[in-house]
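Please read the points below alongside the model.

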Amino acid sequence: MSRPLFLARDRHVHSIVAAMVPKQPPRMTVFRLPRGGVRHFSASATRREILDIAALPDRIVPHYQQTKASSLLSLIWPQPPRNLLLMPKLHAPHVLVSAAEFAKHIYTNYPGLNLVFESHVAKSIHDQLPFPIYTAAPAEATTLFANKIDLVTTMGGDGTILRAASLFSMHHQVPPILGFSMGTLGFLGEWKFQEYKRAWRECYMSGCSVSVEDLVEPHTQVAARQAANAHLTDPHKDDNTLQSPAWDTVRGNGQCMGLNRASKILLRHRLRVGIYDAQGRNINEQLLPTSTADPGDDIIYPSPVSAPGTGEITKKAPIPYLHAINEVSIDRGAHPHLAIIDIYVNNHFLTEAVADGILISTPTGSTAYSLSAGGSIVHPLVKSLLITPISPRSLSFRPLVLPLNTKVVLKLSKRNRGRELPVSIDGKRRVAVSHGMEVRVEGERLEKTVEHGWRGGVPCVIRSSSKGDTDGIAQDDDSWVGGLNGLLKFNYPFGGGEPEGEH
């Protein structure tokens with residue numbers, strides 16, 4: 001055989017062998033985002049990417065509708081939510097596995113939804129998800145999450161819900177929080193993870209089909225008619241029933257939930273907190289208001305003079321106040337001596353407290369640190385704040401429940417021996433106060449607005465009662481009473497026996 005024939009044969013055999021060898025996937029390329037964020041790109045079929053949340057559309061603000069049958073509010077989405085922040089419990093691998101399962105379900109059955117994670121969670125979970133996810137650099141998380149997130153889903157205990165609320169501690173409006181109880185206690189979590197398909201569907205579809213006659217508020221009627229003018233009317237439904245076509249893309253979509261079946265929202269009150277130095281200057285910028293910021297990162301604070309929606313930001317602009325969903329505490333810290341704190345209520349001197357510390361709590365926080373310190377349990381619908389001493393020297397110093405609009409000021413007494421005492425907001429110790437400084441606290445006002453129904457508070461999706469009544473009372477109290485009995489073992493008898501009465 002001639003040499004050219006040998007060469008042709010070798011080339012033919014080589015091409016066959018090369019075709020039989022599987023190709024190696026392309027290598028992952030890592031690009032650095034500004035301020036420490038990381039974005040992963042891959043050219044493979046499974047797109048395991050971490051993208052910048054800044055590319056997502058701005059948030060959709062839901063309406064909160066009052067009804068006569070319940071003290072809770074009804075969740076009404078003017079259009080389908082698009083950006084979901086998923087927050088699993090930290091340092092819990094089994095919860096991360098469940099979060100990946102939930103994310104895959106959302107991606108498969110709810111087209112158009114963008115899944116967002118905190119940066120450190122995104123780095124841990126993105127390899128398990130064959131689709132892009134979004135995050136923000138830690139230094140920009142508080143601003144970008146507030147501008148982009150439509151809905152928050154937590155998987156963990158009460159601490160995970162507090163972590164979610166702390167992301168929005170500098171903002172008036174907080175996205176609805178859908179909480180799955182997967183933590184140690186879970187008093188605030190309403191749903192079991194096994195029910196995630198039903199719970200998510202009810203929250204996502206809430207208000208997607210509402211008759212114009214059912215929209216009692218004038219601003220929601222206007223929004224409904226504007227939707228009709230934009231040809232968002234479903235041709236298969238009554239002419240007065242409006243539905244965005246984006247909801248029709250949901251797999252297995254039967255009928256949307258009307259106003260009577262909308263998800264119920266409990267607006268949890270928050271405290272407004274301001275720290276002032278001896279010269280009366282606000283020093284809130286010295287507090288780190290979010291759990292997502294890594295040590296050493298500069299926080300970007302919203303500018304108090306920028307117009308809403310402009311996205312203008314400035315570093316370390318003065319912050320009038322921060323928000324706390326549980327409590328504000330001031331205590332003696334590592335010092336062996338009791339703290340001496342002057343308490344003022346509405347500019348009137350109340351008392352000089354000699355104790356391990358003082359707590360100012362919300363009704364939500366009344367079942368947290370305040371309860372351990374001997375404070376009263378207050379229903380979350382009661383507009384109030386609590387002053388609870390921590391191990392006071394005087395037995396006559398009892399906990400107080402005050403109206404929500406009460407202004408409380410805590411000052412270090414001159415007899416406090418010149419020590420600095422740590423101040424904690426929702427369990428985050430970030431600043432110490434000394435003589436002459438003030439901690440000013442008051443309840444956050446829940447304001448009714450024309451645009452969205454309500455402004456302020458932390459809207460939590462509440463599990464609907466299975467045995468409500470015509471007055472809506474049993475529906476309002478069902479999960480709260482169940483939490484007292486099932487989790488806190490309220491008034492349980494000694495010896496482990498069941499309490500007497502109806503079950």
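**Notes on the predicted model**

1. Residues 289-315 keep a pLDDT under 50, and the model gives them 58 contacts beyond four places in sequence. Here pLDDT is the predictor's confidence in each residue, from 0 to 100, and a contact means heavy atoms within 4.5 Å. Residues 210-242 also stay under 50, with 53 contacts beyond four places in sequence.

2. Ground rules. This is a predicted model, in which local features need pLDDT of at least 70, side-chain atom pairs count only at pLDDT 80 or more, and totals for chains, interfaces and linings use all residues. Residues are numbered from 1 along each chain as its sequence is written, and side-chain values use heavy atoms, with hydrogens and water left out.

3. Confidence across the chain. The protein chain averages a pLDDT of 78. Of its residues, 68% score at least 70.

4. Overall build. The protein chain has nine helices and 27 strands. These are DSSP runs numbered from the N terminus: helices are H or I of at least four residues, strands are E of at least two. Take the contacts between residues at least 6 apart in sequence: 69% join residues at least 24 apart.

5. Surface and burial. Of the 503 residues, 51% are buried. Buried means under 20% relative accessible area, exposed over 50%, and partly exposed in between (1.4 Å probe, protein chains only). The chain exposes about 24,500 Å², and carbon and sulfur atoms supply 53% of that. Areas come from the Shrake-Rupley method with a 1.4 Å probe.

6. Which residues touch the most other members of the largest nonpolar core? They are Phe102, Phe117, Met155 and Trp200, in a core of 44 residues. Such a core is a set of buried Ala, Val, Leu, Ile, Met, Phe, Trp, Tyr and Cys residues joined through side-chain atoms within 4.5 Å. Elements supplying at least two residues each include strand 5 (70-76), helix 3 (119-125) and strand 13 (264-268). Helix 2 gives the most, with seven residues. Apart from this core lies another, of 33 residues, among them Leu271, Ile283, Ala339 and Val408.

7. A closer look at Phe117. Beyond four places in sequence, its contacts include Leu85, Leu86, Ile125, Tyr134 and Phe145.

8. Finally, Ala432. This residue sits in strand 25 (residues 428-433). Ala432 is partly exposed, at 31% relative accessible area. Leaving out residues up to four places away in sequence, Ala432 touches Glu420, Leu421, Pro422 and Met437. Its C-alpha atom is 9.8 Å from that of isoleucine 275, which is 157 residues away along the chain.
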